[in-house]
Amino acid sequence: MSESTTRTNTRERDEKITEPTEQEAVETCPECSGNVVTDAEHGETVCEDCGLVIEEDEIDRGPEWRAFNSAEKDRKSRVGAPTTNMMHDKGLSTNIGWQNKDAYGRSLSSEQRQKMQRLRTWNERFRTRDSKERNLKQALGEIDRMASALGLPQNVRETASVIYRRALGDDLLPGRSIEGVATSALYAAARMAGNPRSLDEMARVSRVEKMELTRTYRYIVRELSLEVQPADPEHYLPRFISDLDLSEETQRQARDLVEGARQSGMLSGKSPVGIAAAAVYAAALLTNEKVTQSQVSDVADISEVTIRNRYKELLEAEDLPA
């Protein structure tokens, strides 16, 4: 290679290195060095300070259609739903609806209905091809059912599904029921998300006994090394206050009572549900709101005796007359 050719290649390489990219070229205004913004609606790049239009007729990378509400947006969108851990196949397979109607809402003929039924059958067989997928499908259905009964949000259901998938992947299910591991995963997920439920509440909506739930929960937490913090009574207060239709002032007073009990060391060894229920009852009395021990007991799913005992202890911690 000649010396002139070498110099030419070197000069071209240096120009490529020093030449600013298109993104860098429009970061500042060439007239006033002001900030540059992109107006996606008009397809222009404009200076914020002097208003100079630097670029126009830019490519619109958005959809060519418009939607005026969420339902219309979902109908016009050409992509499917996002993947989710709450379905055994993460929502990637085809789902055939149960309605025997065509796209125009007209009923199908008997021959077409039989054909659709065969398609549904084969689709279901392909979606669950082995025992592990059938196991996962049953467990995730249980998690969704129990979460709906307990009023738990979407993030708790997703976390519970991930915990169950980990337990299944680590081969922790032999010797334990699917319902027991699913309930334990949901209980752990609720506590990790700061939206806990008591063991009695979990056992009421589950198909397993409380003793089995407790044993399986401890096993899952230990084997998967889950970081589950001890239940805080304050996490129960918003739900109890909402169910009893009490005021924000009562909730603040209940938080103060729980904090006073924590500083005095009273929370150690006590049920957080009992502490929260007693704090709600005591706070309602202090704010002159009408609520009975029976009402609080029904909401918190604990006995009135527990509420009375914890109620007296809370007032003693605050040096208030019982």
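Let's start at Arg-239, which sits in helix H10, residues 237–244; helices here are DSSP runs of H or I with at least four residues, strands are runs of E with at least two, and both are numbered from the N terminus. Before I go on: this is a predicted model, where local features need pLDDT of at least 70 and side-chain atom pairs count only at pLDDT 80 or more, while totals for chains, interfaces and linings use all residues. Residues are numbered from 1 along each chain as its sequence is written, and side-chain values use heavy atoms, with hydrogens and water left out.

Back to our arginine. Arg-239 counts as buried because its relative accessibility is 17%; buried means under 20% relative accessible area, exposed over 50%, and partly exposed in between, with a 1.4 Å probe and protein chains only. Not counting residues up to four places away in sequence, Arg-239 touches Pro-196, Arg-197 and Glu-201, where contact means heavy atoms within 4.5 Å.

Now, the cysteines. An unreviewed UniProt entry places the feature "binding site" at Cys-29, Cys-32, Cys-47 and Cys-50. They are spread over 22 residues of sequence, yet they cluster in space, with a largest C-alpha distance of 8.6 Å. A friendly caution: UniProt positions are in the numbering used here, feature names are shortened, and annotations may be inferred rather than shown by experiment.

Cys-29 lies in the loop between helix H2 (22–25) and strand S1 (36–39), and Cys-32 is found in the loop between H2 and S1. Which counts as buried? Cys-29 does, at 2% relative accessibility, whereas Cys-32, at 37%, counts as partly exposed. Leaving aside neighbours within four places in sequence, the contacts of Cys-29 include Cys-47 and Cys-50, and Cys-32 is in contact with Cys-47, Asp-49 and Cys-50.
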